[in-house]
Amino acid sequence: MIFLSLSTIVRVNFAIGFPVPRSSDRHPADARPQFSRRAFLRGVLMGVPAALALSPVVSFAQGLERRSLTLVNTHTAERVSVEFLRDGQWCQDALAQLTHVLRDHRSGLEHPIDCGLFEQLHDLALFADRDAHYEVISGYRSPQTNEKLHNASSGVAKRSLHMEGRAIDVRMVGYRTDRLRDLALAAGRGGVGYYRASNFLHIDTGRVRSWGG
Ligand SMILES: [Zn+2]
């Protein structure tokens, strides 16, 4: 597997002992990547040892202690823009806000959302060289809602991971969805479904598989 999660890169980076500035030493602007995201992606695609040999990767990884995400729910028009990871710690208030916006808007029910989805959305934006800004078509679905949608559409699975808070349907603002699909397939971190007619991508934290075209 050539593609590593960015958190893995960070962990390896720390493990091999590169100096890491204390957060109090950094200007807020230092939280931004210190070289282009494209260069990082090239490094990752070269393979792990080669990527780690590139000093810019080290600088970049140090900037990954902070991760942000902006989601807009297309059904409710609610918007959340938060830093969900800071200094390696999950921000509980941010996770609560994301969970709320991703609730089943039909029933109003909330369900914990797998944080792996937030990491995937963040990383895909990084690979796309865009801000992590997404429109959400579907987040959590209660079993009742999923049953209704399943009966109405062959595109909705009966045992959908949406019911476990482990799937999300999105499009990235300002970025082609077919290209987003390509990045998600390359990442190989879970299920990827492309819905061309509706212009959105399903990603989940289940086993690696894909559908749609
Ligand atoms: Zn879906």
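Leaving aside neighbours within four places in sequence, which residues is Leu-124 in contact with? In this predicted model, Leu-124 contacts Leu-180, Leu-183, Ala-184 and Ala-187. The protein has 213 residues, of which 31% count as buried, and it contains eight helices and eight strands. Among contacts between residues at least 6 apart in sequence, 58% join residues at least 24 apart.

**The sheet**

- Eight strands form an open sheet with mixed pairing, in the order E3-E2-E1-E4-E5-E7-E6-E8.
- The edges are taken by strand E3 (89–90) and strand E8 (209–211). Each of these has a single partner strand, so one side of each is left without a neighbour in the sheet.
- Helix H5 (residues 92–101) packs on the sheet and touches E1, E2 and E3. The direction of H5 makes about 145° with that of E2.
- Helix H8 also packs on the sheet, where it touches strand E5 (167–172), strand E6 (191–195), strand E7 (200–204) and E8. The direction of H8 makes about 20° with that of E7.

**Strand E1 and its two partners**

- Strands of a sheet pair through backbone hydrogen bonds, in either a parallel or an antiparallel sense.
- Strand E1 (residues 67–73) runs antiparallel to strand E2 (residues 79–86), and six bridges join the two.
- Within this pairing, Leu-71 stands opposite Val-80 of E2, and Arg-67 has Leu-85 of E2 as its bridge partner.
- The hairpin of E1 and E2 has five residues between the strands, and Ala-77 takes a positive phi near 65° there.
- With E4, strand E1 pairs in the parallel sense over four bridges. Here Val-72 stands opposite Glu-135 of E4.

**The nonpolar core**

- The largest nonpolar core holds 34 residues.
- Its members that touch the most other members are Leu-69, Leu-98, Leu-121, Leu-124, Val-170 and Leu-201.
- Helix H6 supplies the largest share of this core, with eight residues.

**Helices H6 and H8**

- The axes of H6 and H8 (residues 177–187) come within 10 Å and cross at roughly 115°.
- The two helices are therefore roughly perpendicular to each other.
- H6 passes H8 in a right-handed crossing.
- From H6, the contact is made by Asp-123, Leu-124, Phe-127 and Ala-128. From H8, the residues involved are Leu-180, Leu-183, Ala-184 and Ala-187.

**Asp-131**

- Where is Asp-131 found? Asp-131 lies in the loop between helix H6 (115–128) and strand E4 (133–138).
- Asp-131 is partly exposed, because 16 other C-beta atoms lie within 10 Å, which falls between the cut-offs of 12 or fewer for exposed and 20 or more for buried.
- Not counting residues up to four places away in sequence, Asp-131 touches Thr-70 and Ala-125.
- Asp-131 and Val-173 are 42 residues apart in sequence, while their C-alpha atoms are 8.5 Å apart in space.

Conventions. Residues numbered from 1 in each chain as written. Predicted model: local features only at pLDDT ≥ 70, side-chain atom pairs only at ≥ 80, totals over all residues. Contact = placed C-beta atoms within 7 Å. Pairing = 2+ DSSP bridges. Core = buried A, V, L, I, M, F, W, Y, C linked by C-beta atoms within 7 Å. Axes fitted to C-alpha atoms, helices over the stretch in contact; angles between N-to-C directions. Parallel < 35°, antiparallel > 145°, perpendicular 65-115°, else oblique. Left-handed = near helix turned anticlockwise from the far one by under 90°.
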